[in-house]
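Student: I would like a close look at one part of this model. Please show it to me.

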Amino acid sequence: MKKFLCFFLGLLMLLTYNVPPISAYSIPEKEEIEEIQDARDCETFYDFSKYMKDNYNIEVDRLLSGCNFNTVKTAAAGIEYTINTYPALKGRIKEFKLGYYYDYALGTSFDGTVYFFSNFFSKSDKYIEDLLTKAKKNKTKYHPTNCENVFCYGMHEAAHLLTGLILEEENIDYESYMSNIQKAKDIVKEALEGASYSMQEQKIYEISQYATTNEVECIAEAICDHLINEEKAAELSIKIAEVFEKYKKTSENSDVSFY
Ligand SMILES: [Zn+2]
């Protein structure tokens, strides 16, 4: 009996030894592994262009293939995150174009072109990382809390086109530059209602330093602040974001994660 028991245990050990660890069974199928969650998962520039075209009808300028691909994809992922959060934005961004001359990272025109400026996007990962680290150490809070990164720069650009949705609702040309500026002024003014002039300045400054540039930038910064920091965003960001709440998806929101 003792001999039999020993044999049995030996067999059990042998079986156990050959059984792969449980985690091996949870590895998803090949299709699942290759599924693209957002623009950052595209492996080649061709895949990236196709992904933006197929999912968002956005044309990607071939000249962007000469830029830092990781940085371009990260900004694009921030843009698509904003589009997925505000599905009414779909179709509003029509083109990603390589831009020159400016020292900014990105720029957006109200007709739906997002410019990726070569002075930023042609730099190496290391250069951009150093630049962002320096900016984070800067206590002046140039951009909202947790928003000093390329993903959020992308969010900021897409957020610029939100005001146009209200213009369209009011049958005003949403691509009009002046109408966008006027509407932005009205939105910020309303969100600031009741605050004294000096308090108004302070409330805008609480979003970020860049939000003080003008009302158009204030809205883009407020949206970015609210998307990232939610209820911890600046008070004015929360009030401004409320205006655009109706353009948000109500259920099964995007499962895109920040990284
Ligand atoms: Zn801006």
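Student: How many residues does helix H10 have, and what distance does H10 reach from its first C-alpha to its last?

Tutor: Two notes come before the answer. This is a predicted model, in which local features need pLDDT of at least 70 and side-chain atom pairs count only at pLDDT 80 or more, while totals for chains, interfaces and linings use all residues. Residues are numbered from 1 along each chain as its sequence is written. Helices (H or I, at least four residues) and strands (E, at least two) are DSSP runs, numbered from the N terminus. H10 covers residues 177-191, which is 15 residues, and reaches 21 Å from its first C-alpha to its last. That is close to the 21 Å expected at 1.5 Å a residue, where the expected span is 1.5 Å times one less than the number of residues.

Next comes burial. A residue is buried if 20 or more other C-beta atoms lie within 10 Å of its own, exposed if 12 or fewer, and partly exposed in between, with C-beta atoms placed from the backbone. In H10 the buried residues are Asn-180, Lys-183, Ala-184, Ile-187, Val-188 and Ala-191. They are on the same side of H10 because they cover an arc of only 130 degrees around the axis; the arc is that of the directions from the helix axis to the C-beta atoms. An α-helix has 3.6 residues a turn, so residues three or four places apart point the same way. Met-178, Lys-189 and Glu-190 are exposed on the other side of H10.

The buried residues of H10 pack against helix H9 (162-169), helix H12 (215-229) and helix H13 (235-244). Contact here requires C-beta atoms, placed from the backbone, within 7 Å.

For comparison, the buried residues of H4 are Phe-48, Tyr-51, Met-52 and Tyr-56. These fall within an arc of 95 degrees seen down the axis of H4, so they line one face of the helix.

Terms used
Contact = placed C-beta atoms within 7 Å.
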